[in-house]
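Work through the exercises below with the model open beside you, and try each task before you read its solution.

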Amino acid sequence: MFKIFGFLLLFRLIGNPFLALIILLVILYFLDRRYVGILPSFTKPFRRSRQISRLRTTISLNPNDVSAKFDLARLLTERKRYSEAKELLVQIADRYEQSAEYWVELGYANLKLGLLPEGEAQMLQGLEINRKAQYGQPYLRLAETFRNIDHDKALHYVGQFQEIQSSSSEAYYLAGSMYKALGRDEDAKRAFAESTAIYRSLPKYKKRQERGWALRSYFAKMR
C-alpha cells in the first residue's frame, strides 16, 4: 500500500511514470540500506576492487608484505578467485602457522577448489586454534560443502555454529536455510521462528544489524 501511494504521489508531482518509478526504487533502496539491510550494497564491489588494486600495488612495491598478501587473499576469495587466493596464502604459510584466520581461509579456498579432505582438515585446524574464528562462519561453510554429500556431517556443523551464535537472528536464519536445504522442514521452521523470537528480545542498538535477518526468517517461515 505504501509503495502504491508513494508511486502515485511521485507520479502526480513529476508527471512521468517511469521517472517516478525510478525515484521510488531509489528511495526504497536507501531506506532498506539505512534501516533493514536486505538488499545488497551496490557500492561494495567497487570498494573491494579499489582495495584489491591498492593491495596489489603495495605488494609490487614490497613483496615481503605478508599482511597485504593475506588481506588480498581474503578479498580474492570474496571475488571467487580461489586459485589465486590459495597461491598467496601458501606463500605466507610460515608467518601464519598459529593463526586461526589463516587456516580457515586456506581451508575454504581448498573446499571451493574441490579439495574437500584437505580443506576440511585445514578449517578444523583453524577452529581448533580459535573455535569462534570469524564468528563461527567456517562451520556454516563446512555445512554448505557437505550438505549434498554427507547429511549427518552437515547437520553436525550447523549445530556447532548454533552453539557459538546462540543469540543471533542471523545464526538461526542461516541454520534454518541449511535445514531447509537438507529437507528438514520442521527443524527449518523452528529455526526461523527462533530467529524472529531472538530479534524481539534484542536491545534496540542490536536490532539494527539483525533486522534484515529477522525479516528473512519471517518470510521463510511463511513459505
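**Exercise 1.** Where does S99 lie?

*Solution.* S99 lies in the loop between helix 5 (82–91) and helix 6 (100–112), where helices are DSSP runs of H or I with at least four residues, numbered from the N terminus. This is a predicted model, in which local features need pLDDT of at least 70 and side-chain atom pairs count only at pLDDT 80 or more, while totals for chains, interfaces and linings use all residues. Residues are numbered from 1 along each chain as its sequence is written, and side-chain values use heavy atoms, with hydrogens and water left out.

Next, S99 counts as buried because its relative accessibility is 19%, and buried means under 20% relative accessible area with a 1.4 Å probe, protein chains only. Finally, a polar atom of the S99 side chain lies 3.4 Å from the backbone nitrogen of E101 and 3.1 Å from the backbone nitrogen of Y102.

**Exercise 2.** Describe the surroundings of K69.

*Solution.* Begin with its place, which is in helix 4 (residues 66–78). K69 is buried yet has no salt bridge, and D65, the nearest side chain of opposite charge, is 8.8 Å away; a salt bridge needs a side-chain nitrogen of Lys or Arg within 4 Å of a carboxyl oxygen of Asp or Glu. The side chain of K69 does, however, reach the backbone oxygen of P63 at 3.0 Å. Beyond its neighbours within four places in sequence, K69 is in contact (heavy atoms within 4.5 Å) with I59, P63, L88, Q91 and I92.

Methods:
Helices (H or I, at least four residues) and strands (E, at least two) are DSSP runs, numbered from the N terminus. Buried means under 20% relative accessible area, exposed over 50%, partly exposed in between (1.4 Å probe, protein chains only). A polar contact is a pair of N or O atoms within 3.5 Å; within protein, one must be able to donate a hydrogen and the other to accept it, and residues adjacent in sequence count only if both atoms are side-chain atoms. Lys and Arg count as positive and Asp and Glu as negative; His and the chain ends are not counted.
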